[in-house]
Amino acid sequence: MVLHETRTAARHAALGLSDQDVLDMYYYIALARALDDRMWVLQRAGKAMFVISGPGHEGCQVGAMWAMDRQRDWFVPFYRSVAACLVKGMTPREMLLGLFARATDPSSGGRQMPGHYSHPRLKILSTSSPVGTQYPHAVGIAYAAKLRRTGEITMVAIGDGGTSQGDWHESLNWAGIYRLPVIFVVENNFYAISVPLRKQVAGENIAARAAGYGMPGVVADGSDVLECYRVAKEAHERARRGDGPTLIEYRVQRLGSHSSDDQQERYRPREEIEAARQRDPLLTFRAYLESVGLLTEERYQALMARIKREIDEATDAAEAEPLPDPATAEQHLFATQRDPAFYDPDGQIPGPHPPHPWLSPAGKWGG
């Protein structure tokens with residue numbers, strides 16, 4: 001028993017994580033789950049139109065984001081990135097403002113669907129609803145960072161279903177060619193809504209596809225938070241050295257339905273759902289912290305009370321905020337001639353327009 005505790009105690013220390021680091025990581029996993037639970041309650045109570053979230057994904061998201069420089073680096077999320085956005089700096093109140101579609105929502109001023117998180121000050125990029133479109137955006141940021149020599153690393157996340165999209169493959173191809181500082185995260189929960197992985201992916205695993213794009217591909221157990229951190233840390237260091245991108249496949253458990261418009265019991269066996277619950281990172285990481293003597297029952301109860309208070313306060317504060325003014329519905333969507341920044345092509349480029357250099361006699365053809 002003593003040998004076991006010594007070995008497990010060394011795991012986080014060997015990774016350079018302090019005792020406070022791992023306690024804080026557990027706080028974010030539990031905070032994300034509590035926020036997730038609250039969003040579903042609000043939707044079922046008729047106070048939110050839709051919920052899509054990530055119960056079961058929290059462990060890999062916290063482990064991955066812990067390896068990043070949260071001030072300097074960029075994050076391009078997807079709709080399950082609740083825990084990752086919390087670690088990056090968003091508050092439960094800010095995320096609930098999006099759920100309630102309030103005017104002060106930092107993600108979009110209440111214009112995006114719920115689950116489309118962004119925060120300009122925190123370098124969290126807004127995403128589009130079509131699956132996979134965030135990947136080219138992330139590669140664009142990484143390409144700019146390389147050209148400008150800013151030292152910024154970009155992390156982008158997606159589910160396993162998104163890896164069937166052309167955007168995903170094109171992004172990996174471009175990043176591999178130019179050795180861009182980007183970490184590609186795939187949170188593989190083995191279902192694209194109701195379609196099982198065996199009908200989406202041929203071959204051994206998603207990470208194996210990395211070889212075709214000239215980058216390392218890594219598989220990690222999403223229930224093992226420390227392993228998730230370790231592989232992300234290695235990918236971050238690789239990007240910092242200028243060695244290019246890494247593809248990380250986190251194998252996670254989807255503990256709930258795809259969204260509030262879905263019912264997973266209609267297509268998943270009861271035994272499979274129950275087995276997934278046994279691999280819940282909220283349970284596995286708590287067991288680790290207890291095994292090394294860091295999380296006592298008293299400390300656990302105090303943490304749960306703190307999280308409940310924070311979620312209650314965030315819910316009340318977000319719900320009390322005003323809805324957007326309907327008169328502003330078209331702001332940031334379409335430019336009008338009343339907008340001083342309206343682009344007038346005739347006004348911008350006065351004619352007569354010179355021929356393109358390649359078409360002029362002194363240009364390409366005239367040499």
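Helices (H or I, at least four residues) and strands (E, at least two) are DSSP runs, numbered from the N terminus. By this convention, Asp325 lies in the loop between α11 (297-319) and α12 (345-348).

The structure is a predicted model, in which local features need pLDDT of at least 70, side-chain atom pairs count only at pLDDT 80 or more, and totals for chains, interfaces and linings use all residues. Residues are numbered from 1 along each chain as its sequence is written, and side-chain values use heavy atoms, with hydrogens and water left out.

**The chain as a whole**

The chain contains 12 helices and seven strands. Of its 367 residues, 49% count as buried, where buried means under 20% relative accessible area, exposed over 50%, and partly exposed in between (1.4 Å probe, protein chains only). A contact is defined by heavy atoms within 4.5 Å; among contacts between residues at least 6 apart in sequence, 72% join residues at least 24 apart. Accessible areas come from the Shrake-Rupley method with a 1.4 Å probe, and for residues only the protein chains shown count as cover. The chain exposes about 18200 Å², of which carbon and sulfur atoms supply 54%.

**Selected residues**

| Residue | Relative accessibility | Class |
|---|---|---|
| Asp325 | 45% | partly exposed |
| Trp174 | 35% | partly exposed |
| Cys85 | 0% | buried |
| Cys228 | 0% | buried |

Asp325 and Ala103 are 222 residues apart along the chain, and their C-alpha atoms are separated by 7.6 Å.

Trp174 belongs to helix α7 (residues 166-178). Together with Ile177 and Tyr178, Trp174 forms a nonpolar surface patch with about 300 Å² of accessible area. Patches are made of residues with over 30% relative accessible area and no salt bridge; like charges are joined within 9 Å, and nonpolar side chains (Val, Leu, Ile, Met, Phe, Trp, Tyr) within 5 Å. A salt bridge is a side-chain nitrogen of Lys or Arg within 4 Å of a carboxyl oxygen of Asp or Glu.

**Cysteines and helix α8**

The structure holds zero disulfides, a disulfide being a pair of cysteine sulfur atoms within 2.5 Å. For Cys228, the closest cysteine sulfur is that of Cys60, at 5.4 Å, which is too far for a bond.

Cys228 is among the buried residues of α8, which also include Val225, Leu226, Tyr229 and Arg238. The expected span of a helix is 1.5 Å times one less than its number of residues. Helix α8 (residues 225-240) has 16 residues and should therefore span 22 Å, in agreement with the 22 Å between its end C-alpha atoms. Gly242 follows α8 and has a positive phi, near 85 degrees.
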